[in-house]
Amino acid sequence: MTAENGPRRNDGQAAAAGPASSRVAGWPGANGQGTRQNSVPALAVTDASIAFGPLRAVDRMSFQLDPGGMLGLIGPNGAGKTTMFNLIAGSLKPDSGTIAIGGVPVQSEAASRRISRGLARTFQIPRPFAGMTVLENMLTAPQGQTGERLLGNLVRLKDVRRQERAAVERAEELLEFLQLSRLAGEEARVLSGGQRKLLELGRAMMAEPQIILLDEPAAGVNPSLLDFIIDRIAAINARGITVLLIEHNMDMIKRLCGRVLVMASGRLLAEGAPQDVSRDPAVIEAYLGGAPA
Amino acid sequence: MNAQFIVDGLIAGSMIGLGAIGVTLTYAILRFANFAHGEFIAWGAYLALAVVAAVPFGMVPIGPFSFGWMLPIAAIAAALLTGGLAILIDWLLFASFRRRGSATIIMVIASFGASLALRSLLEFVFTSKPVYFTRELQIAMPLGGGLRATPDQLLMLGVTAILVIAVHLLLTRTAIGRQMRAVSENPVLARLAGVDVRRVIRTVWCLGGALAAGAGVMAGLLVQIRPYMGFDLLLPLFAAAILGGIGSVPGAILGGLLVGLCEALAVQTVGAEWRAAVGFVILTLVLLLRPQGILGKAAT
């Protein structure tokens, strides 16, 4: 079964997101380029399955996501959403099926290789490097820097300094975008739950992803911060970054996603516009306990 | 009491501190106490000696120093080779245990085995007879306040300071340094965040081995070269790393200097035969009173 993202709900919202959402140097689409230039799906999952003993956590899931699109992934607890994320991100390997990023099968690649292909993710429970500053947390994410090699630091000092300056500049811009600038020098351990979510979003963005997987970005976030997070996700997507979003907060899903997939018991239960699937009897049944959670 | 113990202690402490940096980094990132680290010190000294012996020129003393320009070149070569040796040992031994998810105690015991093998190999190739980079005699210069030091000793203190600052900058201002700290804090998260953990581990071994070689060359120049020179430094190395706080480079060097000063003080006050006990006493006291060390962070 295939689901392509429909008309993106956030198109208008991103434009109205305000000045902070407008320009961050180096973002895909930052120069106003379109987001649907490529016919190859940004992400294609085909018949992906994984079982833990007798439990089929993900069972023949298939869907596609166009470049620059945003797709919601919802379902009751235990439906297999985060496992699906883990399969895409490379934390788990599927027993069968394929996962392709930009048309390239990646199901047997390590997580770090997928990151270098432009895939980034956040976690349901944000996990910063607590003993490092907020800025340092951001700076752990950039890929392919000369300074990642000991020898590079010794013989290509000029390149290292130039890349380091660029990375710091980008991190500072993103921290400003996420309204974390004043905390840049603080250890990440002092951040609140919501701020940690924002930091994870920023760290994921530092890897300059083409696709970003957001695992419950609204979970445990106070309502005043929620609107801000929604606004930032819309702004990120408006820059052409493909977003796959797991979320229980249907208001957030309705505001951000033109189309959603509903999972239950590891399978694709329904797909469509958020307001349509929320009225689907099978979906209501799954959420109210008709299907095993 | 003679204040000369301060100079003696700082010089011994520099050697201990350089070695302790490798111990502290290995422990912080790979989470086991590598008892083979002392052998990297001895191998570094012998490799530098081999380079010096292989080149029949360049050992005419420069200025006030006891060695020629070949020794710094040999030291750089030894640092690279010892870094390579450390990576090789990891590849042959520790990496396979990591892949199997072996317990820490297995890694520690394996490091004991590696230590014995490396030391025996040195004895086999070079014999147990002490050797020297140079037999030039140096006269200690007065530094004021009754303190004296040879030009070689002062140079080694300066070199240590430069190396420590360089390593500190590497850890705090470069991508690989941040990645090392990230892996030290949470290796699983670091991997998921895109850090190449295997490269970080290789870097730690290489850096630790190279600094150990530096300590070995220093010890060889100021004292003598023998197969047990690294083994004898092992307890002070661990005392310094734990005293300074595991994972902290400034802590390792501070710990090294304090251990060196305490050893020198013990030689003056209670006798040279008690010198070896100083590291053990410091290690015990720190573990009892402040397990996180001076600059380490308490576990939360």
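Entry 1: I began with a definition: contact means heavy atoms within 4.5 Å. Leaving aside neighbours within four places in sequence, I found Asn137(A) in contact with Pro128(A), Phe129(A), Met132(A), Ala188(A), Leu199(A) and Arg203(A). Asn137(A) lies in helix H4 of chain A. My helices (H or I, at least four residues) and strands (E, at least two) are DSSP runs, numbered from the N terminus. Is Asn137(A) buried or exposed? Asn137(A) is buried, with a relative accessible area of 0%. I call a residue buried under 20% relative accessible area, exposed over 50% and partly exposed in between (1.4 Å probe, protein chains only).

**Entry 2: ground rules.** I noted that this is a predicted model, where local features need pLDDT of at least 70 and side-chain atom pairs count only at pLDDT 80 or more, while totals for chains, interfaces and linings use all residues. Residues are numbered from 1 along each chain as its sequence is written, chains are lettered from A and ligands numbered from 1 in the order in which they are written, and side-chain values use heavy atoms, with hydrogens and water left out.

**Entry 3: chain A overall.** I listed eleven helices and ten strands in chain A. Of the 293 residues of chain A, 56% count as buried. Among contacts in chain A between residues at least 6 apart in sequence, 70% join residues at least 24 apart.

Next I checked pLDDT, the predictor's confidence in each residue, from 0 to 100. Its mean over chain A is 83, and 85% of the residues reach 70 or more.

**Entry 4: helix H6 of chain A.** How far apart are the end C-alpha atoms of H6(A)? They are 30 Å apart, which agrees with the 30 Å that its 21 residues (157-177) should span at 1.5 Å a residue. The expected span is 1.5 Å times one less than the number of residues.

I then asked which residues of H6(A) are buried. They are Val160(A), Glu164(A), Ala167(A), Arg170(A), Ala171(A), Leu174(A), Leu175(A) and Phe177(A). An α-helix has 3.6 residues a turn, so residues three or four places apart point the same way. The face turned away from the buried side carries the exposed residues Lys158(A), Arg161(A), Arg165(A), Glu169(A) and Glu176(A). The partners packed against the buried residues of H6(A) include helix H7 (193-206) of chain A and helix H5 (151-173) of chain B.

**Entry 5: strand E9 of chain A.** Five of the five residues of E9(A) (260-264) are buried. Val260(A), Val262(A) and Ala264(A) point one way, Leu261(A) and Met263(A) the other. In a regular strand the side chains alternate between the two faces of the sheet.

I count two strands as paired if DSSP finds at least two bridges between them. Strand E3 (residues 70-74) of chain A and E9(A) pair in the parallel sense over three bridges, and Leu73(A) stands opposite Leu261(A). E9(A) and strand E10 (residues 267-272) of chain A pair in the antiparallel sense over five bridges, with Val262(A) opposite Ala270(A).

**Entry 6: positive phi values.** Most residues other than glycine have a negative phi, and most peptide bonds are trans. I noted some positive ones. Ser265(A), in the hairpin of E9(A) and E10(A), takes a phi near 50°. Arg60(A) also has a phi near 50°; Arg60(A) is found in strand E2 of chain A and counts as exposed at 52% relative accessibility. Glu208(A) has a positive phi of about 50° and is partly exposed, with a relative accessible area of 43%.
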